[in-house]
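Colleague: I would like to go through the ligand site and the domain arrangement of this model. Could you take my questions in turn?

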Amino acid sequence: MAGTSEDHVVVIGSSIAGLLSAAAMSPYYSKVILVDNDTFGGEGTVRKATPQGHHVHGLLSSGWTALQKLLPGVELRLKQMGAEWVHFGKEFRWHHFGKFKANFEDLMEGPFMSRTCLEEAVRAEVTALGNVEFLSDAVVGFIGDSFEISGVRLASGKELNAARVVDASGRASRCPQWLEEIGGKVPRVQTLAAGLRYSSCRFKVAADHGTEKWKALFVIPKPPETMSGAVFPQEDGNWLVTLAGRKKDTMPTNQEEFLEYAKQLGCPDVYEAIKDAEPLSALAHYRFKESRRYFYEKSSMPKNLLAIGDSVCSFNPIFGQGMTVCILEALKMSELIERGECASQSYFKSISGIVSHAWEMITVEDMRYPELHSQRSLKIKLMQQLTQRVYEKTSEDGELNKMLYEVIHFKRPATDLCKPWALFRLL
Ligand SMILES: Cc1cc2nc3c(=O)[nH]c(=O)nc-3n(C[C@H](O)[C@H](O)[C@H](O)COP(=O)(O)OP(=O)(O)OC[C@H]3O[C@@H](n4cnc5c(N)ncnc54)[C@H](O)[C@@H]3O)c2cc1C
């Protein structure tokens, strides 16, 4: 190929979703240019534009499988960086709705590490592709019209021409405004109140902690309780501990309050794990007001403009789905390009099922809190009753628990929980 802008792709944002878009596009274009205005290069440090990186990030098993398809070298790289492999059925100890889940044998596993570590591993793999260029600048608008985009305008005053543009600029995406500026249609947006608060701290793994107990620990309360917690292993051999609450909870501001908060969770295990462990960082905080979804699939988009990751939909992180959604969307992008069918309309239609799967699950969970959502449809009420029964039964039925994991991990549709096999086990 000649390497003109006709066969270049511009990706806005070079975080997880942007990097994975580059991986998807790289085999089919002479050059992929990733534009990002954040500061990179502080190895292992959380970037300013991704403050969520201070808090635990789990990668779901379907996300892990898809990531290896996009970037086959990533497993070795993560192993070299120190990621810890966790078997979800046996080593991921999950206290949910007042009880611990039953174990299951079937292999469902994935690497645990910080979000920064995962992003750095993906960045290294994408850099090695050879035709991906990183540009430090901010995109400030599109060039083109509602039918087709010919490039982007940059804060530096330059313009970049491109055959295709991908918006991967995250939750703060200005894609809807930029579309409006070129005469395009602004997509419908839906928000869902979450009112979440997070506080996190890194700890040295307690000397008496044997991994036979668990490698990762996760506590999610039964509503109306709101306080949750997670202890996840990190690539440096330490723990990252995140405590979460909703609006009414007073989050810790120092180590003493952190331990006090951990003590109040629905089971003592988080507190027991960290009570004598050495803290290795100051507390980091994050507020997640609401989930937000743009319905690009129902809008009319310029034919060569795609969007991915949090810029399309940013979810309440309760089930740890955000990065997995980015990866599954990138894999879909890659499959459609290979088939020559990656016009925006078909792309957005084909990723809408991935987004809906996660969106529906968090809707059921967030709507259990009447202080956040006073109105619930009959469908939501029925789903809440069914899933509550599933959550309770999965503490004693390992096979049912496996099915629940498969739903959460995007391996099955949620409707499988209504099939006779599952319903019979709920009796
Ligand atoms: C507290 C918390 C916990 C979470 N836990 C999990 C979890 O356990 N598992 C999970 O899978 N997900 C989790 N998530 C969600 C996950 O962090 C996101 O889904 C994921 O990071 C989104 O990646 P992204 O690439 O779409 O966006 P981002 O990572 O937000 O990146 C956007 C990038 O775009 C750049 N950018 C923005 N505007 C411009 C512009 N105009 N020009 C150029 N560049 C621009 C930014 O600098 C940034 O680098 C959690 C989120 C939170 C808040």
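This is a predicted model: local features need pLDDT of at least 70, side-chain atom pairs count only at pLDDT 80 or more; totals for chains, interfaces and linings use all residues.

Modeller: Residues are numbered from 1 along each chain as its sequence is written, and side-chain values use heavy atoms, with hydrogens and water left out.

Colleague: Which helix or strand gives the most residues to the shell around the ligand?

Modeller: Helices (H or I, at least four residues) and strands (E, at least two) are DSSP runs numbered from the N terminus. At least two shell residues each come from α1 (16-25), β2 (31-36) and α8 (322-338). The top contributor, with four residues, is α8.

Colleague: How far is an oxygen atom of the ligand from an N or O atom in the side chain of Ser15?

Modeller: Ser15 is among the residues that come nearest to the ligand, as are Asp36 and His57. A polar contact here is a pair of N or O atoms within 3.5 Å. For the Ser15 side chain the distance is 2.7 Å.

Colleague: How much area do domain 2 and domain 3 bury between them?

Modeller: The domain assignment, automatic or from a database, gives domain 2 as 193-289 and domain 3 as 363-426. Their centres, taken over C-alpha atoms, are separated by 25 Å. Buried area is the accessible area (1.4 Å probe) that two parts lose on being put together, summed over both. With 55% of it on carbon and sulfur atoms, the two domains bury about 690 Å².

Conventions. A residue is near a molecule or strand if one of its heavy atoms lies within 4 Å of it. A polar contact is a pair of N or O atoms within 3.5 Å; within protein, one must be able to donate a hydrogen and the other to accept it, and residues adjacent in sequence count only if both atoms are side-chain atoms.
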